[in-house]
Amino acid sequence: MMLPRCAVSVCHVLVLVLCLSAAEDFDWTKNNYGSFYYGTFPAGFSWGAGGSAYQTEGAWDQDGKGLSIWDVFSHRKGKIQQNETGDSSCEGYYKFKDDVSLMKELKLNHYRFSISWPRIIPTGIKSDHVNEKGIQYYDELIDTLMENKITPIVTLYHWDLPQVLQEKYGGWQNISMISHFNEFANLCFEKFGNRVKYWITFNNPWSVVVEGYETGEHAPGLRLKGAGAYRAAHHIIKAHAKVWHTYDTQWRGRQKGFIGISLSGDWGEPVDISNQKDIEAAERYVQFNLGWFATPIFHGDYPQVMKDFVGSKSVQQGLGTSRLPTFSPQEKSYIKGTCDFLGIGHFTTRYITHKNNPSGRSGSSYFADRDLAELVDPRWPDPGSEWLYSVPWGFRRLLNFVKTQYGNPMIYVTENGVSEKMLCTELCDEWRIQYFQDYINEMLKAIRDGVNVKGYTAWSLLDKFEWDEGYSERFGLYYVDFRSKNKPRYPKASVQFYKRIISSNGFPNQREVENWRRKSVETCSSSNQLLAADPLTSHMEMVTEIVVPTVCTLCILLSAIFLMFLLRRRN
C-alpha cells in the first residue's frame, strides 16, 4: 500500500455564490484558496484535543456500567470492520492519568470528553439505579484535569444510549427520551457542575439520526427510511432545549457555566457557479445538515428549504402530512435561543450539483429529499477515510456561513482532524501536519473576517475505536498499539507541530513554521525507536502468539527482500 502524503492542491477555480445575504466583511466571490496568513490568534484563545467515552474508555462491562447501544451493535457479527468492538479500546478508564500527562505535555488549555450515560445510570432510568463507581471515575478525571490546569469541556451524549432505553422505548424514536435525558443531564450538573463550566448536550446529532435510524450503519442499526431520522432529530432538538432550560433555571446562577451543542457539517460548494440550481443545491446541502439542527436552535424552526422539499416530496408520495415533523408555536419559542455557544465539527467539503430524485414511495429517504449529488475533486488529498478529503478553504466558508446565518454566535471548534488508513505503523504523519496547518490557518482567516471563534479542538488526542470502521482508521495525535494489553501511546510527528502552534498561539512567520515542520518530522525516528523497543512480551496473548510491535518494521524488511529479489533477477 502506498503511503499518502499531503501535497495540498491549490488549483481550485470554482468559487461560491451564496443564495443569501453575504457577510459584510467576507467576500464570497474571492478566490484565494492558496494563500497562507501568518499571524496569531486572539489572546485567551483555547487550544485543546478530544475523544469520547465509547471510543476510548474500554471497561465496557466493569464497575457496574450498563450496556449501551454501541456495546450491543458492535457485538453483532458483520456490523463493524473485522468484527472489532470498543470493549477495551484505549483502556482510558484505567489510563486517564497517563493521558492527562500527555495533554499537559502538549500544553492543552482544554480537553473535550464525553460522559457515558450507562456508566453512571446503567439502565438510563435514574429511578432504577445510579452507579456511584461511574460517578467516581468522572470525578477523578475532572479533578485530574483541573489539577493540571486543563479545562474540561464535557459532552453529555456522544452516541452511547443505554440499551435498555432502546429496547424498552425504541430510543430516540420515542418522545420519552427527552425526560430521561434531562434526568441524566441534571445528575451530571449536580455531581460535576461545580467544576465543569462548558457543557455540550449532543455531539453530531446528524450522524446519530441518519446513520442510526436511516441507513443503519451505526447503532442502533435501524433502517427507517424517509421518516426515522426526522423523528429522532425532532426529539433530540427538544431534548437539547429541555436540558438548556434545566441548566438555565436550576444551575446557571450557582455554577456560572455555558450550554451548547456540537454540530458537524461539511461545506457544500456549487459545481457550476453560473447555474442557479447548483447554487441553490449547495445551500440546500448545508441546510439539510448543519441547518437541520442549528436553525431551530437559533431561529425556532426548521430551515424553510427543508420544510418545502420534504413537504413537497411527501405530497408527491401521497402522504397526508409531511414526513418532517412540525413544532408548535410554544415549542418554537421554547427552543429558540437555547445555545450559549455553538460547537462546530468540521472535516471536509463536497462539490454539489442539482439532481432530481424520484418521489415514489420506494424512493422515500433523507438523501432523496435533498435533490442533489455530491462530488469530489480527484486532486484533493485523501489520506485514508473514504469520506475525508483535505479541502481547507471550505472550513473558512462554513465558519462565515454560521456567522451570517445565526448572528455570529460564540463558536468552539469541537472536532477537526484527519485520519489515516494504512497497513504500516506511521508516526511521521506529515499529511496530518499539513492538514492541521492549513485548516487552522483557514480558521485564523475566519477570525479576521469577524467570526467569533473562541477555541479549537484537534480530533483526536488518541487513536481510538472509529465506529463501523473499527480500528482500521486512526485520527490520533498519539498512536495507540491496540494489540498490546497495555495499550501504549506513542507520539506522532503532529504532536510536536501542534504543540508549537499552541505555544506560539498561531503562525509567527514562514521561517519559523517551516522549522517546526522539519523538527517535528525529525522526532519520528526517535519515536519509531521507542515503538520498536516496546518489549515483545507485552504483545503476547498466548505463549505461542507474539504480535510484532511495529508493523512498519516488517513492511520495510519485506520491501527490502523484494527489492533484493528483483536486483538478483536483473543480474
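User: Is H240 buried or exposed?
Analyst: This is a predicted model, in which local features need pLDDT of at least 70, side-chain atom pairs count only at pLDDT 80 or more, and totals for chains, interfaces and linings use all residues. Residues are numbered from 1 along each chain as its sequence is written, and side-chain values use heavy atoms, with hydrogens and water left out. Buried means under 20% relative accessible area, exposed over 50%, and partly exposed in between (1.4 Å probe, protein chains only). H240 has a relative accessible area of 0%, so H240 is buried.

User: In which helix does H240 lie, and which residues does H240 touch?
Analyst: Helices are DSSP runs of H or I with at least four residues, strands are runs of E with at least two, and both are numbered from the N terminus. H240 lies in helix α9, residues 228–250. A contact means heavy atoms within 4.5 Å. Not counting residues up to four places away in sequence, H240 touches T201, F202, G260, I261, I297 and T338.

User: What percentage of the residues in the protein is buried?
Analyst: The protein holds 19 helices and 17 strands. Of its contacts with a separation of 6 or more, 77% are between residues 24 or more positions apart. Among the 571 residues, the buried share is 60%.

User: What is the volume of the largest pocket?
Analyst: On a 1 Å grid over the protein atoms alone, a pocket is an open set of points with protein on both sides within 12 Å along at least five of seven lines. Grid points are joined across faces, edges and corners, and a volume is the space filled by probe spheres set on the points. For the largest pocket, the volume is about 900 Å³.

User: Which element gives the most residues to the lining of the largest pocket?
Analyst: Lining residues have an atom within 4 Å of a point, and the largest pocket has 34 of them, with N204, W206, S207, E211 and W387 nearest its centre. Two or more lining residues come from each of α8 (205–213) and α11 (276–299). With four residues, the element that gives the most is α8.

User: Which residue of β9 is the bridge partner of E269?
Analyst: Strand β7 (residues 267–270) is covered on both faces, with W267 and E269 buried on one side and G268 and P270 buried on the other. Two strands pair if DSSP finds at least two bridges between them. Four bridges join β7 to β9 (residues 349–354), and the two strands run parallel. The bridge partner of E269 in β9 is Y351.

User: What is omega for the cis peptide bond that joins A219 and P220?
Analyst: P220 is found in the loop between α8 and α9. The bond joining A219 and P220 is cis, with omega about 5°.

User: Where does S460 lie, given the cis peptide bond from W459 to S460?
Analyst: The peptide bond from W459 to S460 is cis, with omega near 10°. S460 lies in the loop between β12 (453–458) and β13 (478–480).

User: Is W467 buried or exposed?
Analyst: W467 lies in the loop between β12 and β13. Its phi is near 55°, a positive value in a residue other than glycine. With a relative accessibility of 7%, W467 counts as buried.

User: What is the relative accessible area of D63?
Analyst: D63 is found in the loop between α1 (53–56) and α2 (69–74). D63 is not a glycine, yet has a positive phi of about 55°. D63 is partly exposed, with a relative accessible area of 33%.

Note on methods. On a 1 Å grid over the protein atoms alone, a cavity is a set of points where a 1.4 Å probe fits but cannot get out, and a pocket is an open set with protein on both sides within 12 Å along at least five of seven lines; lining residues have an atom within 4 Å of a point.
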